[in-house]
Structures are given as C-alpha cells and as structure tokens.
Amino acid sequence: MSFLRFIEPNRVTSRGELRMLGAVWLGALLIGWANSASGVLPSPAEVMRALRSLIFEQGLFAHLSSSLYTSLLALVWAGVLSALLCYSAVLPAFRPLSTLIGNLRFWGFAGVSVAFTLWFHGGRELKVALLTFGMTGFFVTGLRDELRVIPRERYDYARALGMNEWRVAWEVVILGTCDRFLDLMRQNAAMGWMLLTMVEALVRSDGGIGVLLANQSKHLDLASIAALQTVIFGVGLLQDLALASLKRVLCPWALLKVEDQSHGLPL
Amino acid sequence: MACRYELKEILLTLDDLGLSLGGKAILSGVSACVRNVTRPGVLQGQIVGVLGPSGVGKTQLFRLLSGLSHPDRGRVLVGAKQQPVARGDVGVVAQAYPLFEHYSVLDNLMVAARQHGLSKAEARTQANAMLARFALQECASAYPATLSGGQRQRVAIAQQLIRPKPLLLMDEPFSGLDLAMVREVCALLAEISLHNEELTTVIVTHDINAALSIADTLWLLGRPRAPGGKTEGARIVHTIDLMERGLAWHPDVMHAPEFESTKREVEQRFAAL
C-alpha cells in the first residue's frame with residue numbers, strides 16, 4: 001500500500017523518498033546490466049578491469065585533470081564573454097552584438113575548427129577556443145532571454161528609489177539576474193563537458209579524456225569505452241553539483257525563491 | 001463627529017496633466033491639489049484616495065505622480081516648496097511590493113537610505129530605527145523571498161519612508177487582502193500618517209470601503225462622456241471632502257451614518273461614468 005503512493009499523479013515526494021526511489025532505480029539498472037552482458041555490452045566486471053587498466057597503465061587521472069582544466073578555462077571564457085556581451089546590451093550601441101553572437105550558435109562547428117586551427121596552431125589554446133565558441137552562442141542566447149523578461153516594475157522600483165541608470169543597470173540587470181547567470185553557467189558547463197571529448201578527439205595535443213576515448217574507440221575496446229563514459233558521466237555530475245553549490249553560496253536568496261514558487265516537487 | 005481642522009499651504013499640485021499613449025488620450029486636464037491639514041494637538045498627514053474603474057488610467061496617473069513618466073502637458077508639484085516632481089523625490093510602493101531580492105531586509109533599507117546620501121553608519125542607524133517602527137526586527141537578516149505578504153508590504157513602506165518625503169504613493173495596497181488584513185493595512189497607513197505632518201499619502205485603489213475608511217479626501221477618476229462619442233482622456237471628475245463630512249479620522253468610520261450614503265454616492269458616480 002505504501003508503494004502505491006508513488007504512482008499517484010502529482011504526488012509531492014520528500015527528498016528522502018526521492019533518494020530512496022533513485023537508489024531503487026539504480027540498483028535495478030545495475031542488476032539488469034549485470035544480467036544482460038553480451039559482446040556489445042561489457043559486464044560490470046569487465047568495465048572495472050578496464051578502468052583499473054586506464055588508471056594504472058594509461059594515465060587516466062592525468063588526462064582527466066587536463067580535460068577538467070581545459071573545460072574550466074573554456075567555461076570562464078564563455079562566461080566572461082557572454083556577460084560582457086549581454087550586460088553591455090544595456091547600452092543601445094552594443095545591443096546588436098549580443099544578437100549577432102547569439103546567432104552564431106547556428107554556425108557549423110566543423111568549418112570553424114579549420115579556421116581556429118590556423119589561428120591558434122593547436123594545443124590547449126585551440127581546444128579552449130573551440131569550446132568557448134561552442135558554448136558562447138548558447139550562453140548569450142540564454143542570458144539575453146533572461147534579461148529580456150525582467151519586468152518593467154523592477155526598473156521602476158529602482159528608479160523610484162532615486163537610482164541613476166548606471167545603478168539601475170547594476171542592481172536590476174546585473175545583481176538581479178546573477179542567480180540566473182549561474183544557472184546558465186551550470187547548463188553550459190554540462191554542454192561544454194559533452195563537447196569536450198569531441199574537441200579533444202579533434203585536437204589531440206595535450207591529451208585529455210577525449211583522446212583516451214578516441215584511442216579506445218579505434219581499437220573497439222568496448223569495456224574501456226564504457227569505463228571512460230562512466231568516468232565522464234560521474235565527473236560531469238560532480239561538476240554540476242559543484243556549480244549548484246557555488247550558486248547556493250553566492251546567491252542564497254535564489255534557492256529561497258525557487259522553494260517559494262515550487263510546490264515541493266524536488267525535480 | 002466632525003473634527004476641527006484647518007487647511008494650510010498646498011503640498012501637492014496636479015496642474016492640468018495630459019498624457020497620450022499611441023495616439024490615444026489617457027489623461028487630459030487632470031487638476032487637483034492637496035493642502036496641509038492641521039488639527040489642534042494632533043500631528044497629522046494627508047491621505048488621498050484615488051478611485052476609478054479598471055483601465056481608466058490610474059496606473060498612468062500613478063507614474064506621473066511618481067516622476068517615472070512625464071506628462072505631455074501640465075506638471076506635478078510636490079512639497080511645501082512646490083517643486084516639480086522628479087523620480088526619487090517621492091515614495092513609491094508598487095502593487096507587488098518589489099524589493100531587491102538579492103539583499104536582506106536590513107540591506108534593502110540601507111540601500112534606500114544610502115541612496116539619499118547617508119553614510120553607512122547613519123544608514124544602518126536609520127534602517128534599524130525603521131525595523132523597530134514597523135515591527136520588523138526579527139526579519140532584519142531575512143531575504144524578501146521568505147517574508148509573508150504583510151511583512152513584505154511593511155518593508156516596502158519602510159524602505160520608502162526611511163528618508164523624509166513629501167509624498168507616498170501606494171498602488172492598490174488592499175488588492176487581494178481579506179477584510180481583517182484590509183483593516184490592518186488601514187491601521188498601518190493611519191499610523192504612518194500620524195507621524196508625518198507634511199506627508200501626503202496617495203492611495204490608488206478600486207476598494208471603495210477601504211478608501212472611505214482611511215482617506216480624508218477622495219478623487220474620482222473617470223472619462224467624461226464627450227459630445228459626439230469622442231473619447232477623452234480621464235480626469236478627476238469629482239472630489240469628495242471626507243473631512244467636511246465628518247468621515248476623516250473617525251475611530252469607527254464604517255458605522256458612521258454618512259459612510260453608507262457616501263459609499264452609495266461614489267458607486268452612483270461610477271455608474272454614471
């Protein structure tokens with residue numbers, strides 16, 4: 001009877017209940033995986049053996065730290081560029097720039113990589129540039145949308161307090177949306193982390209987890225590929241958790257706002 | 001139960017205000033003034049209720065009075081010196097009680113105080129005094145998102161009154177409140193008025209009962225019917241002096257004999273608009 005409540009539509013669950021449900025699903029997936037190993041899907045034991053080999057024989061941690069560093073640099077660049085482009089749009093002269101850069105997300109990645117290779121000559125710089133390009137278009141589009149929906153009442157409120165337009169821009173546009181900026185940073189970090197393996201497979205200098213993955217793909221080592229995918233997945237989740245914690249520390253009010261507006265669905 | 005009072009210098013003037021938006025006349029020829037009301041032995045501000053049907057232009061008039069918009073014609077003069085209104089000169093409490101969500105309650109008050117040139121220490125002193133006056137000490141370090149509707153309203157008012165201002169504008173302060181809360185807000189506004197002799201509070205509302213309970217003057221905003229069916233902008237079509245009728249500052253105004261008749265009069269005037 002008590003489990004039936006989990007199939008009632010729109011039922012609000014506590015965090016503890018949600019964790020328990022998550023653990024049940026994870027256990028079910030692991031059991032299903034262990035019992036369905038085949039030539040295409042390596043078993044958990046094979047994946048663990050491959051992971052050990054990747055760590056002790058192929059320098060997984062060195063590659064991983066290189067990837068994390070590249071990803072972090074690209075995220076900082078994308079964040080800074082997007083912030084500059086979008087927040088400068090408070091000045092009419094700069095408004096077309098954010099529109100233009102936001103639309104660059106439709107530009108083909110492959111063609112850009114050739115131009116960037118000629119420009120940066122390879123190495124980490126090239127990887128960071130490609131990732132930054134990949135993220136910035138989406139970051140700018142998301143941030144512009146956030147700024148566009150700031151209600152007029154917020155501007156009026158700051159103006160009615162006697163603030164000049166620079167201060168209004170600081171309080172309403174920049175500080176007032178910094179929680180959303182961190183949300184967008186979190187989304188783009190996830191996207192950048194997904195793009196990273198592709199970029200590292202394209203630009204192999206300085207190593208990286210994408211290089212390892214490309215090597216294992218070449219040899220069709222499915223157990224190692226699965227091990228690397230698991231590592232990429234786990235590190236991606238940890239990165240997401242770290243950025244969520246950063247938001248909790250820097251913008252504690254934003255969490256209260258979400259709790260206030262949601263109906264307790266901890267999704 | 002009329003109280004003795006005197007009308008002294010002009011504190012607020014609406015001088016032939018006109019405003020058009022997208023070629024449509026919203027306000028035209030809005031003229032009125034508020035004089036300093038003095039009562040023997042009582043420190044007393046003025047409270048004006050602006051009543052009008054939905055869409056008549058109350059919000060636009062509110063924006064003109066706050067200095068957030070400029071009229072196409074005419075001017076708004078505030079204070080004993082009758083200076084043209086500029087944004088920041090008057091207190092504005094909007095309907096949703098906006099506050100800076102990224103600041104605590106104390107910081108919200110301090111931002112407003114510092115905006116008027118106070119040092120950090122002075123601003124903190126003033127902010128703490130306002131927290132005490134509005135019974136908000138326990139919320140000092142809370143973020144606005146955690147406040148109840150009533151607390152949020154008090155913070156929004158406290159923020160506007162942290163520095164002396166000649167005019168406090170309130171947009172629909174009774175909207176969505178039950179009767180008990182309306183009485184509480186009326187009591188709060190009366191208390192604010194009692195502390196600031198030169199403060200004129202203008203309440204834009206569609207709640208006739210609440211406006212009659214708290215105001216000393218009512219302005220009825222409406223669009224007079226023009227000959228030939230031509231649309232004219234809204235203006236103050238009628239002013240009701242509640243002091244003269246003995247309905248201002250009345251401890252039990254809702255049970256005063258003139259209350260119901262005045263309410264009916266307002267309703268009839270609305271129906272005729």
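Okay, housekeeping. It's a predicted model, so local features need pLDDT of at least 70 and side-chain atom pairs count only at pLDDT 80 or more, while totals for chains, interfaces and linings use all residues. Residues are numbered from 1 along each chain as its sequence is written, chains are lettered from A and ligands numbered from 1 in the order written, and side-chain values use heavy atoms, with hydrogens and water left out.

So, the sheet. Strands here are DSSP E runs of at least two residues, helices are H or I runs of at least four, both numbered from the N terminus, and two strands pair if DSSP finds at least two bridges between them.

Look at β3 (46-51) and β9 (217-222) of chain B: they run parallel, joined by 4 bridges. Gly49(B), for instance, has Leu218(B) as its bridge partner in β9(B).

Now the helix pair. The axes of α4 (149-161) and α5 (179-195) of chain B come within 12 Å and cross at roughly 15°; axes are lines fitted to C-alpha atoms, for helices over the stretch in contact, and angles run from 0 to 180 degrees between N-to-C directions. α4(B) and α5(B) are therefore roughly parallel, which is the label for angles under 35 degrees. Where do they touch, with contact meaning heavy atoms within 4.5 Å? Residues including Ile157(B) and Leu161(B) in α4(B) meet ones including Val185(B) and Leu188(B) in α5(B).

Conventions: Parallel < 35°, antiparallel > 145°, perpendicular 65-115°, else oblique. Contact = heavy atoms within 4.5 Å.
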